[in-house]
Amino acid sequence: MDKNKVYIPLFLAIAVGLGIFIGSTLDYSKKKNVMLFNQTPQEEKIKRLIDYIQYDYVDKVNTDSLLDGTIQQLLGKLDPHSVYIPAAEADDIAERMNGEFVGIGVQFRMYKDTIAVVQVLEDGPSKQAGIKPGDRILIADKDTLFGKKLNNDYIIKTLKGKPKTKVNLTIYRKSENKVYSVLLRRGKVAIKSIDAHYMMNDSLGYIKVQRFAATTYKEFKKALDELIAKNMEHLVLDLRGNPGGYLGVATKMVDEFLEDDKLIVFTKNKGGKVDKSFASAKGDFENGKVYVLIDENSASASEIIAGALQDNDKGVIVGRRSFGKGLVQQEMGLGDGSAVRLTVSRYYTPTGRSIQKPYEGENDYFNDSFRERYLNGEMSSVDSIKVADSLKYTTPKGKTVYGGGGIVPDEFVAIDSIAYFGNFYIPAMRQFAFEYVDKNRVELEQYTLPEFLENFDKDEKILNEFLAIVQKNTQGEIDNRDYYKRYLKSVFARSLFNDLAFYMVLNQNDKMLERVKQLEYKVDYIKN
């Protein structure tokens, strides 16, 4: 084997990481050419080291693994959002960001020793072939998939594939006690970004955005248009738990709400170059009221939307202080399928705020933030939110806003501690709901969605059955019965219907949505 073929890809990958620190006076596009064709002394040094380890070190060493660890250490010296993406993970991440994957179009879980279909995704090959929730996938082509301890990675690799390739599945349908075969042709399946959209009442619409992927704006626009057609006057945009994604997608969504030429966001790189994004005249909801729901896990593109609307005095931000990510990343391939997602600029809200929280020190940047906020009381009291007068800004209409660590909401809503601690039982609720539906599917599938919303478990027999399991395991009193009732019903709704049904149940008596309704009542009262 030609040793040059071995170490050159390794060297090129690490040289990209080292390029962060060297040649800072060069233009980036020129620096790439330098790295590829003219080795600097620093790059030659690294290449020699890899070569020595590869051929002269006393023990055999996996240089790929060694290099991965080196790159991660390099990026660890920068900021928490500059990360390395190994080649093995790149495809999965790309699928989530592209908003689609190639496969048969099911969500599944391993139940005992068999693959059980949990949901069949809309417009996917399995839906078209008539596969249903509760079906068991026994065999794919000649590969037996039951009676073994298979991990999810193996199953996913088996069911996914290249577009238009065929796979013959043997299915057991428990509800009919029959085994049958179906030939599927793998195809593109959408990964939804918009989990739910519906009218909460005659004038108030609701859209839940899970992430900002390549397809999110298209999904959002479709949902927005459908709600406008139903005479929506005000909108709840739910960005709770949304970690962000593409900046450009966020600016397109904001454009639907802001008038022509309003500043949405601007970015600045280390060379001082400023790029500004402005709203156009094409927004379809410029006159409607917007309520944006955020929490401590709303980050990045979610904060761009909240900050743009807040700084332009458009709508109301409701909830708790957001995560505080004001850095912009660019993904750069390393030639072997791996990549680095490197911070290349900072973004600022229209008033000039940077909402990036500090990341110096040895603290766990991602986990300690929530712990600190909870312990210092800011999850339960707006007065405990720490803001700096030096980072005070003023909107065009005179509202005071702050930079330096997330978007502080206009209307604070304390964390629901009962629901938060009840979240530890969500896996148990999902398991219970799956097994209950699996045993009683024929009976439960008689429900229509309106009937389910109105009549499901009115006598609380199912709830009591679940709570008996909880009480047996905890040996304590149940002090959050209402939460369990609501969340358990929402999980059943998802199992029997879809994500829309899940949110329609879960949103009932939701504290942030209750605050929105109070604000709506005040507006209507003043208006009349």
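Which side chains meet in a salt bridge at 3.3 Å, N to O? The side chains of lysine 192 and aspartate 499 form this pair, where a salt bridge is a side-chain nitrogen of Lys or Arg within 4 Å of a carboxyl oxygen of Asp or Glu. The pair links distant parts of the chain, with lysine 192 in the loop between β9 (187-190) and β10 (194-199) and aspartate 499 in helix α17 (residues 499-506), 307 residues apart. Helices (H or I, at least four residues) and strands (E, at least two) are DSSP runs, numbered from the N terminus.

The structure is a predicted model, in which local features need pLDDT of at least 70 and side-chain atom pairs count only at pLDDT 80 or more, while totals for chains, interfaces and linings use all residues. Residues are numbered from 1 along each chain as its sequence is written, and side-chain values use heavy atoms, with hydrogens and water left out.

## Salt bridges

The two partners of the pair described above can also be placed by their accessibility: lysine 192 counts as partly exposed at 40% relative accessibility, whereas aspartate 499, at 12%, counts as buried. Here buried means under 20% relative accessible area, exposed means over 50%, and partly exposed lies in between (1.4 Å probe, protein chains only). By the salt-bridge rule the count comes to 31, and the table lists some of these pairs.

| Salt bridge | N to O distance |
|---|---|
| Lysine 192 and aspartate 499 | 3.3 Å |
| Glutamate 226 and lysine 222 | 2.9 Å |
| Glutamate 454 and lysine 458 | 3.9 Å |

Glutamate 226 and lysine 222 both lie in helix α8 (residues 216-229), four residues apart, which is about one turn of the helix. Of these two, glutamate 226 is partly exposed, with a relative accessible area of 31%, and lysine 222 is exposed, with a relative accessible area of 52%. In the pair of glutamate 454 and lysine 458, both residues are exposed. Salt bridges that share partners also join Asp135, Arg173, Glu176 and Lys178 into one network.

## Helix α7 and its surroundings

In helix α7 (residues 152-159), the residues Ile155, Thr158 and Leu159 are buried. Seen down the axis of α7, its buried residues fall within an arc of 90 degrees, so they line one face of the helix; the arc is that of the directions from the helix axis to the C-beta atoms. On the other side of α7, Asp153 and Lys157 are exposed. The cover over the buried residues of α7 includes several strands, among them β2 (100-103), β3 (106-111), β4 (114-120) and β7 (166-173). Asparagine 151 caps the N-terminal end of this helix, with a side-chain oxygen 3.2 Å from the backbone nitrogen of aspartate 153.

Arginine 136 lies in strand β5 and counts as buried at 8% relative accessibility. A polar contact of 2.8 Å joins the side chains of arginine 136 and aspartate 438; such a contact is a pair of N or O atoms within 3.5 Å, of which, within protein, one must be able to donate a hydrogen and the other to accept it, and residues adjacent in sequence count only if both atoms are side-chain atoms. Not counting residues up to four places away in sequence, arginine 136 touches residues including Tyr111, Thr114, Ile171, Phe434 and Asp438, where contact means heavy atoms within 4.5 Å.

Lysine 132 is placed in the loop between α6 (125-129) and β5, and at 41% relative accessibility lysine 132 counts as partly exposed. Not counting residues up to four places away in sequence, lysine 132 touches Val117, Val120, Arg173 and Glu176. The C-alpha atoms of lysine 132 and leucine 121, eleven residues apart along the chain, are separated by 9.9 Å.

## Two tyrosines

Tyrosine 484 lies in helix α16 (residues 481-496) and is buried, with a relative accessible area of 3%. Not counting residues up to four places away in sequence, its contacts include Gly422, Tyr425, Met429, Phe466 and Ile478.

Tyrosine 57, by contrast, is partly exposed, with a relative accessible area of 47%, and lies in the loop between α3 (41-55) and α4 (63-76). Together with Val58, Val61 and Leu66, tyrosine 57 makes a nonpolar surface patch of about 370 Å². Patches are made of residues with over 30% relative accessible area and no salt bridge, with like charges joined within 9 Å and nonpolar side chains (Val, Leu, Ile, Met, Phe, Trp, Tyr) within 5 Å; accessible areas come from the Shrake-Rupley method with a 1.4 Å probe, and for residues only the protein chains shown count as cover.
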